[in-house]
Amino acid sequence: MTTKSLDDNWENIWSNKDISQISKHKIILKKLMIATGHVGKNKNIDISSWKTYSKKILKILSPKKKFNLFEVGCGAGALLYLLKKNYSDYSGCDYSKNLIQIALKYFDRNKIFYKNAKNLDVKKKFDHVIASSVFEYLSHDVSKKVLNNMTKKSKKKILISEILNHDYRNKFLKQFKKKKNSKINYSFYKKSYFLNFAKKKKLKITFFPSLIPYSKQKKYRYTVLLSK
């Protein structure tokens, strides 16, 4: 599989994601979590654990009320929905039209954009720029562009959470990739990938384990904080 096909296949999958099932749910956060793929038999994530996840992110970022936040790959907005009240302003982008359509029902229309992060506009700066469970869907070539854009867009901190750890690649695939579908592939990252980037950009770097409690994939993931 080529680098191009990996990114194209995931973009196609997310752009055509079936979102009809969310209409039966009354709780907005549950709707957003299901739409963005955070609820499923291989995830073991509920509303309570998702709220804990957002609190852990806030503890790491330590935002001040005057700060603003941008999320890359925000999907339907399940995480922004919880984080935005801690910031003076917020925004987000995603390359799935279906998910953006859902997000626009619950967020200000001028805050959420249909945009591929590799083409992110970096002119408007945000204090904190984050990406949650996004890099696994990006080839390494594209993730370099996205990470570079996130760094340019951020004034203070960049958080990339729930990254698939290359050290556990084979174990993860054995447990979670049951179907041998060539279109469904994931990107895994060694910590050295981010260490080298931080050194090149002269950024401070801190690693954390997975932040989502009780997730079945917890031991296969980690989080990175880059600070200017």
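This is a predicted model: local features need pLDDT of at least 70, side-chain atom pairs count only at pLDDT 80 or more; totals for chains, interfaces and linings use all residues.
Colleague: In which sense does strand 7 pair with strand 5, and over how many bridges?
Modeller: Two strands pair if DSSP finds at least two bridges between them. One link here joins Ile163 to Tyr222 in strand 7. Strand 5 (residues 154–164) and strand 7 run in the antiparallel sense, over six bridges.

Colleague: And which residue in strand 7 is the bridge partner of Thr206?
Modeller: Strand 6 (residues 204–209) also pairs with strand 7, in the antiparallel sense and over six bridges. Within strand 7, the partner of Thr206 is Leu225.

Colleague: What is the strand order of the whole sheet?
Modeller: It's an open sheet of seven strands with mixed pairing. One parallel example is strand 1 (residues 68–72) with strand 4 (residues 126–132), over four bridges, where Phe70 is bridged to Val129. Reading across, the order is 3-2-1-4-5-7-6.

Colleague: Which are the edge strands of this open sheet of seven strands?
Modeller: In the order 3-2-1-4-5-7-6, look at the two ends. Strands there pair on one side only, and they are strand 3 (112–114) and strand 6.

Colleague: By how many degrees are neighbouring strands of this sheet turned against each other on average?
Modeller: Axes are lines fitted to C-alpha atoms, for helices over the stretch in contact, and angles run from 0 to 180 degrees between N-to-C directions. For this sheet the average ignores direction, and it comes to 15°.

Colleague: Which strands does helix 6 touch when it packs on the sheet?
Modeller: Contact means heavy atoms within 4.5 Å. Helix 6 (residues 140–153) has a direction that makes about 150° with that of strand 5. The strands it touches are strand 1, strand 4, strand 5 and strand 7.

Colleague: Helix 8 lies across which strands?
Modeller: Helix 8 covers residues 191–201 and runs at about 160° to strand 6. It lies across strand 5, strand 6 and strand 7.

Colleague: At what angle do helix 2 and helix 3 pack?
Modeller: Helix 2 (residues 28–35) and helix 3 (residues 47–61) have axes 11 Å apart. The two are therefore roughly perpendicular, a label for 65 to 115 degrees (under 35 is roughly parallel, over 145 roughly antiparallel, the rest oblique). The angle is about 85°.

Colleague: Which residues of helix 3 do Leu29, Lys30 and Met33 meet?
Modeller: Those three belong to helix 2, which is largely enclosed by the rest of the structure because six of its eight residues are buried. Across from them in helix 3 are Ile47, Trp50 and Lys51.

Colleague: Which residues have the most contacts inside the largest nonpolar core?
Modeller: A nonpolar core is a set of buried Ala, Val, Leu, Ile, Met, Phe, Trp, Tyr and Cys residues joined through side-chain atoms within 4.5 Å. The largest has 34 residues, and helix 3 gives the most to it, with six. Apart from it lies another core of 27 residues, among them Phe70 and Val146. Back in the largest one, those with the most contacts are Trp50, Ile57 and Ile112.

Colleague: Is Lys202 buried or exposed?
Modeller: Lys202 is in the loop between helix 8 and strand 6, and has a positive phi of about 60° although it is not a glycine. With a relative accessible area of 77%, Lys202 counts as exposed.

Technical notes:
Residues are numbered from 1 along each chain as its sequence is written. Side-chain values use heavy atoms; hydrogens and water are left out. Buried means under 20% relative accessible area, exposed over 50%, partly exposed in between (1.4 Å probe, protein chains only).
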